[in-house]
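Let's take a walk through this model together, starting with the strands and moving on to the aromatic rings.

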Amino acid sequence: MQSCLNELSFIFTYIFNLSLKLHRVPTGWKTAEIIPVPKKPKVSTLNDLRPVALTPIAMKCFEKNIFKHISSCLSPLQDPCQFTYRAKRSVDDAILIFFNNIYKHIDIPKQYCSVLFVDFSSAFNTIQPHVFLPTLHDLKVNRNIIAWILDFLSEREQFVKLANVIQASPSLGQVKIRTHLESSTAFSDKSVSNTGAPQGCVLSPILFTIYTNDCR
């Protein structure tokens, strides 16, 4: 694509602007190919796989433009203790502040510390557009972009691509697939999703951050 920048820039600019104007995302651009990536060396259940969504490169470029706009609206109001999905912050920073707060507290005589850890299961899949959109409005995000994000999260077609299906374990469950024998690759039938944001998309992390921004 980079070798044809001059030829393609006008075309994609026109498509991007039209998409924003109509508040519609081309169906082919938000159709995701789900690749199951193992979380551990030995896979025994479906929960041992992380579903990473592959979408067209053009869509990722468009998402980056939307990401910049949303980031500029979110930054002044973001929780200062939010470390993930933020530039120049990491898990190490969170751990250092966490232990520093504990040590300062237990230095006080006869004090103790209780800690609660909460883990979101399939976190990105929990996003519900009708709950999420008012938050975007409160952040003063452009209305056209809010409407575009609603379409981005709605009626998303997706299918699973599974390589080396001959070696796949039957314990992973029964999935209706069509198989290309020459490549031993299987594709599930397409399904439509109206909740969640796919892992692997540029916008998914920041959308989840906004979705949980009130949990402080």
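In this predicted model, I34 has A53 as its bridge partner in β2. That contact belongs to the pairing of β1 with strand β2 (residues 49-54), which is antiparallel and counts 6 bridges. Strand β1 (residues 32-38) also runs parallel to strand β3 (residues 156-163), joined to that strand by 3 bridges. Here A32 is partnered with Q158 of β3.

Now for the aromatic rings, where 13 pairs turn up across the whole structure. Take F16 and W29: their ring centres are 5.9 Å apart and their planes meet at 80°, so this pair is edge-to-face. Because F16 belongs to helix α1 and W29 to helix α2 (residues 27-30), the pair ties together parts 13 residues apart in sequence. Both F16 and W29 are buried. A tilted pair is found between Y85 and F124, with 6.0 Å from centre to centre and 50° between the planes. Y85 sits in the loop between α3 and α4, and F124 in the loop between α4 and α5, 39 residues apart. Y85 counts as partly exposed because its relative accessibility is 47%, whereas F124, at 10%, counts as buried.

Back to F16 and W29: ring pairs link them with F12, F62, W148 and F152 into a cluster. Over the ring of F152 sits the charged end of R156, 4.6 Å from the ring centre. R89 likewise places its charged end over the ring of F83, at 5.1 Å from the centre.

Finally, look at the surface, where F10, I11, Y14, L18 and L22 make up a nonpolar patch with about 540 Å² of accessible area together. Y14, located in helix α1 (residues 5-22), counts as exposed because its relative accessibility is 52%.

Methods. Residues are numbered from 1 along each chain as its sequence is written. This is a predicted model: local features need pLDDT of at least 70, side-chain atom pairs count only at pLDDT 80 or more; totals for chains, interfaces and linings use all residues. Side-chain values use heavy atoms; hydrogens and water are left out. Two strands pair if DSSP finds at least two bridges between them. Helices (H or I, at least four residues) and strands (E, at least two) are DSSP runs, numbered from the N terminus. Patches are made of residues with over 30% relative accessible area and no salt bridge: like charges are joined within 9 Å, nonpolar side chains (Val, Leu, Ile, Met, Phe, Trp, Tyr) within 5 Å. Accessible areas come from the Shrake-Rupley method with a 1.4 Å probe; for residues, only the protein chains shown count as cover. A salt bridge is a side-chain nitrogen of Lys or Arg within 4 Å of a carboxyl oxygen of Asp or Glu. Buried means under 20% relative accessible area, exposed over 50%, partly exposed in between (1.4 Å probe, protein chains only). Rings of Phe, Tyr and Trp (its six-membered ring) pair if their centres lie within 6.5 Å; planes under 30 degrees apart count as stacked, over 60 as edge-to-face and the rest as tilted. A charge sits over a ring if NZ of Lys or CZ of Arg is within 6 Å of the ring centre and within 35 degrees of the ring normal.
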